[in-house]
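Work through the exercises below with the model open. Try each task before you read its solution.

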Amino acid sequence: MRIAIVTETWAPEVNGVALTVQGLARGLRKLGHSVEIVRPRRADGDAAQHRDGFDELLVRGAALPRYPGLRFGLPAQAQLVRHWRQRMPDALYVATEGPLGHSALAAARRLGVPASTGFHTRFDDFVRHYGFSWLSPFVFAGMRRFHNRGSATLVPTTQLGDFLESNGFRHVRLLRRAVDTQMFDPGRRCARLREDWGLAPDALAVVHVGRLAAEKNIDLAVRAFRRIQNVQPDARFIVVGDGPELPRLVRSHPDILFAGMRRGEDLAQHYASGDLFLFPSITETFGNVTLEAMASGLPVVAFDYGAAREHIADGESGRRVAFDDESSFIDAACTLASDRYMRRQLGQRARQSMEHLSADAVSAAFADLLGELALARAA
């Protein structure tokens with residue numbers, strides 16, 4: 001099949017949507033399908049090394065407010081129609097709900113191309129964290145209209161699928177996420193890196209990986225670490241990632257190690273060299289970092305939704321606490337921090353539970369779903 005993927009975020013940007021979409025694209029190509037990426041042109045001129053060997057159609061974009069380096073695509077329906085008339089795709093996957101995504105759905109309908117959408121981000125939750133709670137129902141309604149224009153809306157968890165269906169989303173389909181268990185592996189633990197962190201051999205390394213933004217609830221992880229630190233003063237908190245909250249966090253917490261953005265083996269080493277992973281976000285549709293931490297052999301403390309609900313057996317492969325119960329989150333973090341044996345047991349089981357999540361199986365399921373949509377449209 002010839003498949004077009006429309007996304008407003010792509011490598012070298014590091015976020016859950018970009019990495020998930022890139023993984024799906026690579027999986028389709030590995031299966032022998034022809035894949036075209038439609039995305040905004042980057043401000044840096046789109047260096048060739050960022051293209052990853054895919055056919056691409058670059059459209060006009062603009063900077064995303066409060067997120068330097070991220071862009072959204074401007075409306076491009078006429079350009080897409082002209083382009084796809086010359087090289088008609090069999091199916092379309094629209095990963096983001098911005099102006100480019102709306103243009104892609106309109107172009108697909110005009111050309112009769114089956115289009116699926118991906119529900120990756122709870123923008124209705126985001127607006128609450130930026131002081132616009134009154135907008136949340138309107139944002140959610142807009143997202144529902146967007147996704148219902150497609151032939152299928154792909155979600156990573158049954159919990160999210162049930163929620164969307166109960167709120168008027170049609171044609172919701174489950175497409176599970178995978179994790180690279182060769183990249184994210186406990187064997188990448190590095191004594192030298194831990195020394196660089198200023199850790200004694202038996203000291204505790206608490207790790208967080210993610211975008212540093214208001215909606216990610218990072219302050220809760222800091223509060224949990226401070227409680228841990230009261231008992232274990234030689235513990236260190238290593239925060240991997242970048243975002244608009246970074247300057248404030250650096251000013252307020254000079255003793256925390258902010259490692260910045262990490263990629264590939266470097267990122268995998270940061271996971272595996274930790275002892276406990278805290279994931280306090282309450283705005284995720286999934287949370288890929290949960291799987292990466294588990295594959296790296298770390299016990300994870302997270303709220304009971306998204307990836308944690310799907311993959312953490314509470315008390316066996318990590319800790320899952322009631323949604324938005326901050327007191328229980330801190331208590332769970334402190335309990336694991338104080339019990340080395342429990343951390344080791346939960347980390348080992350977390351790793352074992354990840355070994356069946358094959359990227360090849362997810363790619364095959366994605367290709368089958370797109371093929372099914374293409375056949376249905378042809379019929």
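**Exercise 1. Find which residues ring pairs link into a cluster.**

Solution. This is a predicted model. Start from the ring pairs, which come to 11 aromatic pairs in the count. Follow the linked ones. They join Phe-119, Phe-140, Phe-163 and Phe-169 into a cluster.

**Exercise 2. Classify the pair of Phe-225 and Phe-237 as stacked or edge-to-face.**

Solution. Step one: take the centres of the two rings, which are 5.3 Å apart. Rings pair if their centres lie within 6.5 Å. Step two: take the planes, which stand at 25 degrees. Planes under 30 degrees apart count as stacked, so the Phe-225 and Phe-237 pair is stacked. Step three: place the residues. Phe-225 lies in helix α8 (residues 218-231) and Phe-237 in strand β11 (residues 236-240), so the pair ties together parts that are 12 residues apart in sequence. Step four: check burial, which requires under 20% relative accessible area. Phe-225 has 1% and is buried. Phe-237 has 0% and is buried.

**Exercise 3. Classify the pair of Tyr-271 and Phe-277.**

Solution. The centres lie 5.8 Å apart. The planes make 35 degrees. That pair is tilted. Tyr-271 is buried at 0% relative accessible area. Phe-277 is also buried, at 0% relative accessibility.

**Exercise 4. Compare the radius of gyration of the chain with that of a compact globule.**

Solution. Count the residues: 379. A compact globule of that length would have a radius near 21 Å. The chain has 21 Å, which agrees. Now look at burial across the chain: 55% of the residues count as buried. Finish with contacts at a separation of 6 or more: 66% of them join residues 24 or more positions apart.

Key: Residues numbered from 1 in each chain as written. Predicted model: local features only at pLDDT ≥ 70, side-chain atom pairs only at ≥ 80, totals over all residues. Heavy atoms only, no water. Rg over C-alpha atoms; globule rule 2.2 N^0.38 Å. Buried < 20%, exposed > 50% of the residue type's maximum accessible area, 1.4 Å probe, protein only. Contact = heavy atoms within 4.5 Å. Phe/Tyr/Trp six-rings, centres within 6.5 Å; stacked < 30°, edge-to-face > 60°. Helix = DSSP H or I, 4+ residues; strand = E, 2+ residues; numbered from the N terminus.
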